[in-house]
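Subject: Structure handover

Hello,

Here is the structure I promised you. My notes follow below it.

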Amino acid sequence: MAKNRDKTGKNNHLTSGITIDTIYIRMPSDIGKILEEMRQGPKGIRYADLCKVCDHFFGAARQSGSSHRVYKTPWLGDPRVNIQNDHGKAKAYQVRQVLKAIDRLEGEKKEEPDNAR
């Protein structure tokens, strides 16, 4: 952690770049609970909860004005992150696709060499 002095001469602590690891460690507890629920069973997951999880891991949806919300991933093809509201619930197969995408995202992050940060 780098130190810097502000205009008053007091030390300010600055972080030298936030990595994805930091984001996972400081994941909001509600996201963690939703993920746990999703892994226990993809049926009955609220659409709003799935949106929260997708927004956390993949950022804002690149398309959300139609019946589907489509999220950008750092890879082409499957697993895709494309979800739709089914009377307030998420479709089970789409929950499974989101879980696969999160697993792939976490796996790719673990494979990055330390000096690439």
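First, the pocket terms. The search uses a 1 Å grid over the protein atoms alone; a pocket is an open set of points with protein on both sides within 12 Å along at least five of seven lines, and lining residues have an atom within 4 Å of a point. This is a predicted model, where local features need pLDDT of at least 70 and side-chain atom pairs count only at pLDDT 80 or more, while totals for chains, interfaces and linings use all residues. Residues are numbered from 1 along each chain as its sequence is written, and side-chain values use heavy atoms, with hydrogens and water left out.

**Pocket**

The largest pocket has a volume of about 190 Å³ (the space filled by probe spheres set on the points, which are joined across faces, edges and corners). Its lining is Arg-62, Val-70, Tyr-71, Lys-72, Thr-73, Trp-75, Leu-76, Gly-77, Pro-79, Arg-80, Val-81 and Asn-82. β3 and β4 are the elements that give two or more residues to this lining. Elements are DSSP runs numbered from the N terminus: helices are H or I, at least four residues, and strands are E, at least two.

**Loops**

Pro-79, from the pocket lining, sits in the loop between β3 and β4. The Asp-78 to Pro-79 peptide bond is cis, with omega near -5°. His-87 lies in the loop between β4 and β5. Its phi is positive, near 55°. Most residues other than glycine have a negative phi, and most peptide bonds are trans.

**Sheet**

Three strands form an open antiparallel sheet in the order β3-β4-β5. Strands pair if DSSP finds at least two bridges between them. β3 (68-71) and β5 (89-90) are the edges, each pairing on one side only. Helix α3 (residues 47-58) packs on the sheet and touches β3, β4 and β5, its direction making about 160° with that of β4. Contact means heavy atoms within 4.5 Å. Four bridges join β3 to β4 (residues 81-86).

**Helices**

Helix α4 (residues 92-111) lies across β4 and β5, at about 150° to β4. The axes of α2 (residues 29-40) and α3 come within 10 Å and cross at roughly 115°. Axes are lines fitted to C-alpha atoms, for helices over the stretch in contact; angles run from 0 to 180 degrees between N-to-C directions. In α2, Asp-30, Ile-31, Ile-34, Leu-35 and Met-38 meet Asp-49, Leu-50, Lys-52, Val-53, His-56 and Phe-57 of α3.

Best regards

Methods: On a 1 Å grid over the protein atoms alone, a cavity is a set of points where a 1.4 Å probe fits but cannot get out, and a pocket is an open set with protein on both sides within 12 Å along at least five of seven lines; lining residues have an atom within 4 Å of a point.
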